[in-house]
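Please have the sequence and the model open as you read.

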Amino acid sequence: MPQGTPKKAHGILAQAGLEPYEQGPSEEYMNEAQRAHFRKILEVWRAQLREEVDRTVHHMKDEAANFPDPVDRAAQEEEFSLELRTRDRERKLIKKIEKTLQKIEADDFGFCDQCGIEIGIRRLEARPTADLCVDCKTLAEIKEKQMTGA
């Protein structure tokens, strides 16, 4: 990146209206400012997901119709099924976000659950609910592939 060009926020950071966290040279890892940064990201993300769930409920109530044509009825059921599957994934993600917020409150956030090393600010900004470092996650994926025979 050319010098003097500001870093742009991407993904969930941009949605939360935040810039990437700039860590000071002697700043302690996962200090109060960093935890507040991630708390804000997670709270905004959770609020967005909850809005989507509410929007789907209203949409499904508004769109519910009893079509006489079986093809139309089947298309509507398929649409609803896809929306419900998406919302189910989002509900699971909301639970994971809430678990991560609890880890922040317990001062246990930002460290790998398996080996205990720092996960890293940039990785956590990209995936705020990460609970494994890159190495442990890679090993877990390799083991999963071996178990499934892929």
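The lining of the largest cavity takes at least three residues from domain 1 (28-109) and at least three from domain 2 (110-149). The model is predicted.

**Cavity**
- One cavity of 30 Å³ or more is present in the structure.
- The space in the largest cavity comes to about 50 Å³.
- Which residues line the largest cavity? They are Lys96, Lys99, Thr100, Lys103, Phe109, Pro128, Thr129, Ala130 and Asp131.
- Four charged residues belong to this lining, along with three nonpolar and two polar ones.
- Phe, Pro and Ala count as nonpolar, and Lys and Asp as charged.

**Aromatic pairs**
- Two aromatic pairs turn up across the whole structure.
- One of them joins Tyr29 and Phe111: the ring centres are 5.3 Å apart and the planes meet at 85 degrees, so the pair is edge-to-face. The cut-off for that label is over 60 degrees.
- Tyr29 sits in the loop between α1 (11-16) and α2 (32-63), while Phe111 sits in the loop between α3 (70-105) and α4 (121-126). The pair therefore ties together parts that are 82 residues apart in sequence.

**Exposure of the paired rings**
- Is Tyr29 buried or exposed? Tyr29 is buried, at a relative accessible area of 10%. Buried means under 20%.
- Phe111 has 28% relative accessibility, so Phe111 counts as partly exposed.

Note on methods. Residues are numbered from 1 along each chain as its sequence is written. This is a predicted model: local features need pLDDT of at least 70, side-chain atom pairs count only at pLDDT 80 or more; totals for chains, interfaces and linings use all residues. Side-chain values use heavy atoms; hydrogens and water are left out. On a 1 Å grid over the protein atoms alone, a cavity is a set of points where a 1.4 Å probe fits but cannot get out, and a pocket is an open set with protein on both sides within 12 Å along at least five of seven lines; lining residues have an atom within 4 Å of a point. Grid points are joined across faces, edges and corners, and a volume is the space filled by probe spheres set on the points. Domain bounds come from an automatic or database domain assignment. Rings of Phe, Tyr and Trp (its six-membered ring) pair if their centres lie within 6.5 Å; planes under 30 degrees apart count as stacked, over 60 as edge-to-face and the rest as tilted. Helices (H or I, at least four residues) and strands (E, at least two) are DSSP runs, numbered from the N terminus. Buried means under 20% relative accessible area, exposed over 50%, partly exposed in between (1.4 Å probe, protein chains only).
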